[in-house]
Amino acid sequence: MTAADPASRIFCAIDTPDRERALKVAHAIAGSVGGIKLGKEFFMANGPEGVERVMREAGGGRKLFLDLKLHDIPNTVAGAVRSVARLAPDFLTVHAGGGEAMLRAAVDAARLAAVEQGVPRIRILGVTVLTSLSSEDLESVGMDPDMDSAVRRLALLAQSAGCDGVICSPHEIRLLRAACGPEFVLMVPGIRPAWSEAGDQKRVTTPAEALERGADYLVIGRPIAAADDPGRAARHIVQEIAGTTS
């Protein structure tokens with residue numbers, strides 16, 4: 001896959017504690033997407049060994065996005081980053097709301113682990129505002145209900161702390177591209193093909209729209225992983241992006 005290939009821009013989110021189900025999906029989409037996203041639900045049930053097995057089933061060359069959303073004191077987060085470095089994830093998430101010191105600790109730990117363990121440096125992504133949250137949700141927990149303002153502030157904090165990029169909803173892509181520049185990675189969940197349901201995501205768009213707005217990578221879960229034929233669903237999405245669907 002090349003950077004111009006739409007498939008290389010897609011991470012399939014396999015959000016299940018069921019290892020066999022995860023392995024089945026990974027095998028089905030081998031060669032159809034650029035990477036696999038595994039989060040807390042899978043990691044807590046199966047640990048690092050489960051991650052390694054899924055990536056083997058996904059086939060060589062697939063990228064790993066480890067979506068653990070770390071949020072703790074700086075020393076603990078740094079230790080967690082060092083602990084998962086042996087899995088060689090391409091991306092790892094930390095909550096931008098954890099503050100600048102925590103973010104810097106994650107970035108520094110990723111750099112140090114690459115040297116000490118001889119693995120590629122993990123790219124650290126800050127989580128801005130979860131795509132399941134609305135302005136009303138932000139206000140209910142005492143945050144600025146202006147979604148754009150909240151997301152922009154957290155993204156700039158992550159950038160100043162040395163993070164490689166952020167997680168943002170499709171609605172904030174253009175805002176953050178303008179604020180953070182062309183090299184800052186925008187990993188975008190809340191992606192739903194035109195033929196799928198939004199589910200519990202409140203700020204969503206289609207794959208083609210997200211890429212047109214400036215997303216670097218798309219996170220697509222249920223439309224692929226919950227399909228009867230995940231590989232076919234993934235290929236359908238790639239065709240949709242490329243404009244080749246009938």
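The following exercises, each with a worked solution, concern the predicted model shown above.

Residues are numbered from 1 along each chain as its sequence is written. Because the model is predicted, local features need pLDDT of at least 70 and side-chain atom pairs count only at pLDDT 80 or more, while totals for chains, interfaces and linings use all residues; side-chain values use heavy atoms, with hydrogens and water left out.

**Exercise 1. The barrel**

Determine the order in which the strands close into a barrel, and state whether the pairing is parallel or antiparallel.

Solution. Step 1: the elements are DSSP runs numbered from the N terminus, where helices (H or I) have at least four residues and strands (E) at least two. Two strands pair if DSSP finds at least two bridges between them. Step 2: 8 strands close in the order E1-E2-E3-E4-E5-E6-E7-E8, and the pairing is parallel. From one strand to the next, the twist averages 25 degrees. Step 3: individual pairs can then be examined. E1 is joined by 3 bridges to strand E2 (residues 35-39), and by 3 bridges to strand E8 (residues 217-220). Between E2 and E3 there are 5 bridges, with Leu38 opposite Leu66 in E3. Strand E5 (residues 123-127) and strand E6 (residues 165-167) are joined by 3 bridges, and Val127 stands opposite Ile167 in E6.

**Exercise 2. The faces of strand E1**

Identify which residues point each way from E1, and state whether they are buried or exposed.

Solution. Step 1: buried means under 20% relative accessible area, exposed means over 50%, and partly exposed lies in between, with a 1.4 Å probe and protein chains only. Step 2: in a regular strand the side chains alternate between the two faces of the sheet. Step 3: Ile10 and Cys12 point one way from E1, Phe11 and Ala13 point the other way, and all are buried.

**Exercise 3. The nonpolar cores**

State how many residues the largest nonpolar core has, and which of them have the most contacts inside it.

Solution. Step 1: a nonpolar core is a set of buried Ala, Val, Leu, Ile, Met, Phe, Trp, Tyr and Cys residues joined through side-chain atoms within 4.5 Å. Step 2: the largest such core has 72 residues, and those with the most contacts inside it are Leu38, Val51, Leu66, Val81, Leu92, Ile124 and Ile224. Helix H4 gives the most to this core, with 8 residues. Apart from it lies another core, of 11 residues, including Phe65, Ile167, Met187 and Tyr217. Step 3: contact means heavy atoms within 4.5 Å. Leaving aside neighbours within four places in sequence, Val51 is in contact with Leu38, Phe42, Phe43, Leu64, Leu66 and Leu87. Step 4: H4 (residues 100-117) lies across strand E3 (63-70), strand E4 (91-95) and E5, and runs at about 160 degrees to E4. This angle is taken between N-to-C directions on a scale from 0 to 180 degrees, with axes fitted to C-alpha atoms, for helices over the stretch in contact. Step 5: E3 is largely enclosed by the rest of the structure, because 6 of its 8 residues are buried.

**Exercise 4. The cysteines**

Solution. Step 1: a disulfide is a pair of cysteine sulfur atoms within 2.5 Å. For Cys12, the nearest cysteine sulfur, that of Cys168, is 19 Å away. Step 3: the sulfur of Cys180 is 9.0 Å from the closest cysteine sulfur, in Cys168, and is therefore too far for a bond. Step 4: Cys12 is buried at 0% relative accessibility, and Cys180 is buried at 8%.

**Exercise 5. Two polar side chains**

Locate Thr16 and Ser8, and describe the polar contact of each side chain.

Solution. Step 1: a polar contact is a pair of N or O atoms within 3.5 Å; within protein, one must be able to donate a hydrogen and the other to accept it, and residues adjacent in sequence count only if both atoms are side-chain atoms. Step 2: Thr16 lies in the loop between strand E1 (10-13) and helix H1 (19-28). The side chain of Thr16 reaches the backbone nitrogen of Asp18 at 3.1 Å, and Thr16 counts as buried at 14% relative accessibility. Step 3: Ser8 lies in the segment before E1 and is buried, with a relative accessible area of 15%. A polar atom of the Ser8 side chain lies 2.7 Å from the backbone oxygen of Asp5.
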